[in-house]
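Please open the model in your viewer and keep the sequence panel beside it, so that each selection can be followed in both. The tour moves from one selection to the next and says what is found at each stop.

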Amino acid sequence: MLNKPAMVPPTGVVCVGLGPGDPELMSVKADRLVRQARHVAFFRKPGRPGKARQAVQGLLADDVVEYAMEYPVTTELPVDSEAYVQQLSRFYDQWCERLAELARQTQVVVLCEGDPFLYGSFMHLYTRLQARGDVPVDVVPGIPGMVGCWHATGTPITWGDDVLSVMTGTLSEDELVRRMQTADALVIMKVGRNLPRIRRALQRCGRTEAAWLVENGTTAQQQVQRLQDVGDAACPYFAIVLVHGQGRRPEAAW
């Protein structure tokens, strides 16, 4: 009787898109990889649990080894400053080296909320790992957070020929206005302390009354409100502002 060859554990880095927040909105593949993972890495702000890590609470194996990749800077410096760029660049370089070293021996699952290729931090590791070429790198798509947020409003985001524009609240007010004026439906991500600037841009475009603010979409902490009913007090960075399109639909002719 022939003995079966021993299974060789997989190696490399695989980034798993976890979706908008609700664990039940993860893909079957993402769920399987998370549950089977023996080495898990995730981004977080120092002193915080990390949104991606929170999303898989209760799914990880008891003996999993965790690697918290803590940002050296988040909102303390302007994103276009030399100091910000240098610190983040060193941070991604260092973690690329650490993950590559580990991934030559085993598989490392990197957790990413939403979809990794839509404003995801993993993109900065992905390009570095690809350039190295010494370890396999794979990415599992996830439902983007904005999709979960516009479903939370209970209203379709686009109709017919509507043009959808996705932008970040970190843009200048004039640039926000320019982008808002050329689209029918709007998604403004990375809100947080940028909310006052986003509101002013919407006011200049005459679109404030149509705007929604969704915080922590699809999670137990979800809040959905008309933007005009919300003040400029503390707002989560991962909140999203939405303006729905009102385009062509068959019943309009009637």
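Select Phe 91 in this predicted model, and show what lies around it: leaving out residues up to four places away in sequence, Phe 91 touches Phe 43, Met 69, Glu 70, Tyr 71 and Pro 72. In soluble globular proteins, nonpolar side chains tend to be buried together.

Next, select Arg 53, which you will find in helix H2, residues 51-55. Is Arg 53 buried or exposed? Arg 53 counts as buried because its relative accessibility is 15%, and the cut-off for buried is under 20%. Beyond its neighbours within four places in sequence, Arg 53 is in contact with Phe 42, Leu 60, Glu 66 and Leu 111.

Move on to the open sheet, where five strands follow one another in the order E6-E7-E10-E8-E9, with mixed pairing. Its edge strands are E6 (164-168) and E9 (223-226), each of which pairs on one side only, and neighbouring strands of the sheet are turned against each other by 20° on average, direction ignored. Zoom in on E6 and strand E7 (residues 185-189), which run parallel and are joined by five bridges; here Val 166 stands opposite Val 187 in E7.

Helix H7 (residues 195-205) lies across E7, strand E8 (211-215) and strand E10 (240-243), running at about 10° to E10.

Finish with helix H5, residues 145-152, and select its buried residues, which are Met 146, Gly 148, Cys 149 and Trp 150. What covers these residues includes E6, E7, E8 and E10. Just after H5, stop at Gly 154, which takes a positive phi of about 70°.

Notes
Residues are numbered from 1 along each chain as its sequence is written. This is a predicted model: local features need pLDDT of at least 70, side-chain atom pairs count only at pLDDT 80 or more; totals for chains, interfaces and linings use all residues. Side-chain values use heavy atoms; hydrogens and water are left out. Helices (H or I, at least four residues) and strands (E, at least two) are DSSP runs, numbered from the N terminus. Buried means under 20% relative accessible area, exposed over 50%, partly exposed in between (1.4 Å probe, protein chains only). Contact means heavy atoms within 4.5 Å. Two strands pair if DSSP finds at least two bridges between them. Axes are lines fitted to C-alpha atoms, for helices over the stretch in contact, and angles run from 0 to 180 degrees between N-to-C directions.
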